[in-house]
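Please open the model in your viewer and keep the selection tool at hand.

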Amino acid sequence: MHSDIVVSQFSGRPMYLQIMDQIKQKIAVGDWAAGEEIPSIRQLAVSLQVSVITVKRAYLELEREGVIVTQHGKGSFVAPDPALSPRLYEEELAQHLDRAAELGTSLGMTEKEIVHRLRKAVDQVSETRLEKENS
Amino acid sequence: MSDICVRFTAVSKKYPHFLLDNISLELPAGSILGFIGANGAGKSTTIRILMGLVRQDSGAVEVLGHSMPADQAAAKQKIGFVSEDMRLYGAATLAWHMSFVASIYPDWNQAYADKLVRRFDLKPQQKIKGLSHGQRVKAALLLALAHQPRLLVLDEPTTGLDPVARREVLAELMAVLADEERTILFSSHNTLDVEQISDRIAFIDRGRIIDFADKESLLDRWRRLRLVVPATAALPHLPGIVEVGGSDRLPVLTTSQFDPSVLSLCTDRGATVQAVDTMTLEEIFVANVQSRRELQPA
C-alpha cells in the first residue's frame, strides 16, 4: 500500500518534506482516496526505514494543512474535503515557481529574463497541445 | 514502569587520561537514540556504564527501572547487547551459540531466530571462525535480537559492514521498532545511519554531551547561510553563529539557532541572502565539535 514512497538522504530536501510531497501526490492523483485509512506513523516509519519522529513530523504538518486527519486510537485518514486536489496543485505550482525564481536568480538572470522564459514555456505547452489537436 | 527506558543523571567517571563528565540523558521507550562521537569521545565508556560493566564514580543510571550497576542481573534479562569487542566462540557453530543463549533467556523466540538466520543469510552449522566480519556482526545481532529484549544496546553495529549487510541490519532494527515498547540505543560514527533511523541524537565529544535533541528539531535549527554584503554594510550579528567562512563580501555563516527571523536580520542590515542550506547530521556534528574545540582547546 505504501511501498512506493521513496525517501532519499541525498536530495538535500528534508526527509519529512519528501514524505509530505509524496503523500500529497498520492492523494492528488487518487491513489489514496478521500476518507481512506493510511498507514500508521510507526508502520510507515518501519516500511520506509526512517525514524518514527520524521514520519510523525510529516503527519503533523499534513494534519495542520488539512490534508489528513488523525483520530486518536483509530489511526490516520485522508481528509474527506473534496476541494483538496486543486489546492494541492496550487501549492505544487507555487513551489515550482519559487524554485524557478531561485534558480533563475542564482544563474544571474534578470527579472525580465525569468518572466520571458516562463512565457516561452507557456507558449511551448500550448504549441504542443495545438499539434496534438491537429494531428 | 515509567516510560523512560534509560536515564543517566549527572554520571561521571574519571580515568587517568579521560574524564566522562556529568552525562545526563533520557531515552523514552519506543524510540531510537543515535549516539555520535569521534573515536575516544566516550561512547563506549558510556555504553559500558549503561550495561553495568563499569561502575560510575558518581551519578545515577537507571535502565528499564533498574538501578545500575547494582541491579544489573535483572536488567540484563531485558537487554540485548552487541559490541565490537564482543567475541563468539570460534570453534563453536552458530547453532551452538543459539541454543546456549536460548538456555539463558526465557524469552528466546526460536521461530524469530530461524527467520533471522534466513534473512541474514547465515548457516547455523557453520563454525564462527569461518565467518566473515559481516557475518559475525549479523550472528551477534541475531543472538541479541532473538531473546526479544526491551532495550537493544549496539556499539557501532554497522561499522565495517558492506552496503547490503548494512541495509539488512538497519531494516531489522526498524522492524524491532514496529513494537512501540522496544527501545534502541546505538553508537556510530556513521552519521548517515544515525540520521536515517534515529529519533533522538546525542553528540558526545571529549567526555561531554555537547548536544542532545530530537532529530527533527536538531536538523531544523542548523543552517548554512551564504550572504552578499555590500561594501557599505557590515556583517550582521546573528544568533547562534558557530562558524564564519568565505570572504568579507561573500560570507558563509553556520548557525545553530536558525529561524526565519534570521533572514530579516540580514536584509535589514543591507545584506542579501543568497542561499539557506540545510545541513547533514555529519556537517552539523563536525561544525559543532570544531567550534567547541576552538573555544576551549584541550
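**Where the two chains meet**

Across the interface of chain B and chain A, the rule finds two salt bridges; a salt bridge is a side-chain nitrogen of Lys or Arg within 4 Å of a carboxyl oxygen of Asp or Glu. This is a predicted model, in which local features need pLDDT of at least 70 and side-chain atom pairs count only at pLDDT 80 or more, while totals for chains, interfaces and linings use all residues. Residues are numbered from 1 along each chain as its sequence is written, chains are lettered from A and ligands numbered from 1 in the order in which they are written, and side-chain values use heavy atoms, with hydrogens and water left out.

Select Arg57(A) and Glu216(B) first. These residues form a salt bridge, and their closest N and O atoms are 3.0 Å apart.

Next, display the whole interface. Here 21 residues of chain B are in contact with 16 residues of chain A, where contact means heavy atoms within 4.5 Å. How much area do chain B and chain A bury between them? The value is about 1,600 Å², with 52% of it on carbon and sulfur atoms. Buried area is the accessible area (1.4 Å probe) that two parts lose on being put together, summed over both. In chain B, select Met174(B), Gln196(B) and Glu216(B): these residues lose the most area to chain A, together 37% of what that side buries.

The rule also finds twelve residue pairs in polar contact across the interface of chain B and chain A (both at pLDDT 80 or more). A polar contact is a pair of N or O atoms within 3.5 Å; within protein, one must be able to donate a hydrogen and the other to accept it, and residues adjacent in sequence count only if both atoms are side-chain atoms.

Now colour three helices of chain B: H6 (163-176), H7 (191-197) and H8 (215-221). Each supplies at least two residues of the side of chain B that touches chain A. Helices (H or I, at least four residues) and strands (E, at least two) are DSSP runs, numbered from the N terminus. H6(B) gives the largest share of that side, five residues.

Eight residues from domain 1 of chain A and six residues from domain 2 of chain A take part in the contact.

Domain 1 of chain A and domain 2 of chain A bury about 500 Å² between them, 46% of it on carbon and sulfur atoms. Select Lys24(A), Ala28(A) and Glu65(A), which supply 62% of the area that domain 1 of chain A buries against domain 2 of chain A. Across this interface of the two domains of chain A, the rule finds zero salt bridges.

**A last stop in chain B**

Return to chain B, where the assignment gives domain 1 (4-214) and domain 2 (223-278). Select Arg223(B), which lies in strand E11 (residues 223-228) of chain B. Is this residue Arg223(B) buried or exposed? Arg223(B) is buried, with a relative accessible area of 12%; buried means under 20% relative accessible area, exposed over 50%, and partly exposed in between (1.4 Å probe, protein chains only). Among the residues that Arg223(B) touches are Leu253(B), Phe258(B) and Val276(B). Finally, select Leu219(B): its backbone oxygen lies 3.0 Å from a polar atom of the side chain of Arg223(B).

Notes:
Domain bounds come from an automatic or database domain assignment. Lists of a residue's contacts leave out its neighbours within four places in sequence.
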